[in-house]
Amino acid sequence: MDVLAAVLLLIIFLTMISFELNMPHETTWLAKLGEDYLAVMDKGGVLLNITEQDDSTALATLQTYLNKLPGNIGANITVKIYTCSTDTTNLKKDFNKIKGAVVFDRVTVRRVFTDPKDSECGLVILEVWYD
Amino acid sequence: MTKARRGYLFAITTVFMLVSLVLLLQSFNMRQLSTKEDVSQTLAGNRMTYVWEDIGEDVVWITELGITVGDQNVTFTDALPAEYDIGEFLEIYSNFLDNYYLTPDFDIKFIAPDGTEMDLKDIESQIKILPYNIEYGYPDFGKRELWVMVQEENASVIIGMNMHYTLKNAYFKCNYTDPDAADACNKWAPLAECGPGTVHRFYLNLSFTDANGNYYMFPEHCFDIGTKSTANLDVSNASANYGIKIEVGPLSKQIVIKVSLLNTEVDTLTSILLNTTEFYINYLTKLKTIDLNYNTSRIDEI
């Protein structure tokens, strides 16, 4: 009898733990972190600067900004810069940098930016996860 | 206790505990589903806000026009003339949003001040302060001319204006230090300053900083906008003819102030001071962001 009760209690306890571990609030937090991160890069002029940098400088800039993320956050950032006109949109260059090992559960956010004086449109895609 | 009784008690206790376990699991499962739904809705809400802010900021960046509304004033930051075809680039940007930025579960719409759906390239180049129909604008998005206009019956709503122009490619050719000099910058012809019988008084602080960092403010501050005053600020650059023409009034043509540029590039700050807090802005456009999964949307002015 005592053994049965103990086994049932153990099952209940483990079930509760497993549910709590799967709580999806972390998705909201990660999405907000990613959106804020990109907004800061955009408003700070970092994305616009990247359009004017050579490849190695642009990659170094991205690495610098990835390193500013909290230590327990992994990220994969891709910046695509297009020359855009009324007729065509062509990929001019793109850059990618990763921080940490990519995992299955990750959140993707994106942001658009533009440099009208040089007829350029840009898209930045950021994946973030718990490292 | 007999063996049979112990057996019954054991069976009842086991059933009771199993039922409790099932109910507990069910409760957790429902809570889990509810939380996931809440989280998805929060994510959708957050995304609508971030997308609205992202696109809104770009539209301000492309038009180079920022608007700040205070209790009794509206401030416009602007850049004149346009360095590129703003209307065309708005169309390009709009296409880029559709083809590259927006995901299949998300949509945006630009809404005209009258509430109808519109293309971003079709936004008006005038902004109105309502219900007084005070208009800040240009003939088109080439922005070679900037005006503030109002109908005569609403002119008294405007107390005055602070305008500052930062010249990016020209410097003062006139004497900006001595207002009594023969070549002083404040050459008005004609000039209608306020007098005892002035009906439409308009207070103006009009100042300039040239490309060399020199500062000049017109010493005339009160105008009778029932009639017209005109000044040509003498600025230059070694390469071509430069100039800035300033017209204050007349209200018969609804003009409060009109500034025309000849080859001069400027950043401007225009603050319109009103005698009321009861006004609202008819912005260039409204942006509606729509989450198609949840059929929810956010709409706000840019």
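Here are some questions and answers about a predicted model of chains A and B.

Residues are numbered from 1 along each chain as its sequence is written, and chains are lettered from A, with ligands numbered from 1, in the order in which they are written.

Q: What pattern does chain A follow along the sequence?
A: Helices (H or I, at least four residues) and strands (E, at least two) are DSSP runs, numbered from the N terminus. Chain A has 4 helices and 4 strands. Read along the sequence, they give α-α-α-α-β-β-β-β.

Q: What percentage of the residues of chain A count as buried?
A: A residue is buried at under 20% relative accessible area, exposed at over 50%, and partly exposed in between (1.4 Å probe, protein chains only). Chain A has 131 residues. Of these, the buried part is 45%.

Q: How many residues of chain A take part in the contact with chain B?
A: Contact means heavy atoms within 4.5 Å. Chain B brings 39 residues to this meeting. From chain A, the number is 41.

Q: How much area do chain B and chain A bury between them?
A: The size of an interface is often given as the accessible area lost when the parts come together. Here buried area is the accessible area (1.4 Å probe) that two parts lose on being put together, summed over both. Carbon and sulfur atoms hold 72% of it, and the total is about 3,700 Å². On the side of chain B, the residues that lose the most area to chain A are Y50(B), F96(B) and Y100(B), together 18% of what that side buries.

Q: Which helix gives the most to the side of chain B that touches chain A?
A: The rule finds 10 residue pairs in polar contact across the interface, both residues at pLDDT 80 or more. (A polar contact is a pair of N or O atoms within 3.5 Å; within protein, one must be able to donate a hydrogen and the other to accept it, and residues adjacent in sequence count only if both atoms are side-chain atoms.) In chain B, α1 (3-63) and α2 (86-101) each supply at least two residues of the side that touches chain A. With 26 residues, the helix that gives the most is α1(B).

Q: Which residue of chain B forms a salt bridge with R111(A)?
A: A salt bridge is a side-chain nitrogen of Lys or Arg within 4 Å of a carboxyl oxygen of Asp or Glu. R111(A) lies in strand β3 of chain A and its partner in helix α1 of chain B, so the pair joins two chains. R111(A) is buried at 2% relative accessibility. With the closest N and O atoms 3.4 Å apart, the partner is E57(B).

Q: How far apart are the closest N and O atoms of R111(A) and D42(A)?
A: Both R111(A) and D42(A) are buried. R111(A) and D42(A) form a salt bridge, and their closest N and O atoms are separated by 2.8 Å.

Q: Which residue caps the N-terminal end of α2(B)?
A: The buried residues of α2(B) include I86(B), G87(B) and F89(B). At the N-terminal end of α2(B), a side-chain oxygen lies 3.2 Å from the backbone nitrogen of G87(B). That oxygen belongs to D85(B).

Q: Is T61(A) buried or exposed?
A: T61(A) sits in helix α4 (residues 55-66) of chain A. The side chain of T61(A) reaches the backbone oxygen of T57(A) at 2.8 Å. Leaving aside neighbours within four places in sequence, T61(A) is in contact with V46(A), I50(A) and Q53(A). With a relative accessible area of 14%, T61(A) is buried.

Q: What is the form of the peptide bond from L80(B) to P81(B)?
A: P81(B) lies in the loop between β2 (73-80) and α2 of chain B. With omega near -15°, the peptide bond from L80(B) to P81(B) is cis.

Q: Where is E64(B), a residue with phi near 60°?
A: This phi is a positive value in a residue other than glycine. E64(B) counts as buried at 18% relative accessibility. Its place is the loop between α1 and β1 (66-69) of chain B.

Notes. This is a predicted model: local features need pLDDT of at least 70, side-chain atom pairs count only at pLDDT 80 or more; totals for chains, interfaces and linings use all residues. Side-chain values use heavy atoms; hydrogens and water are left out.
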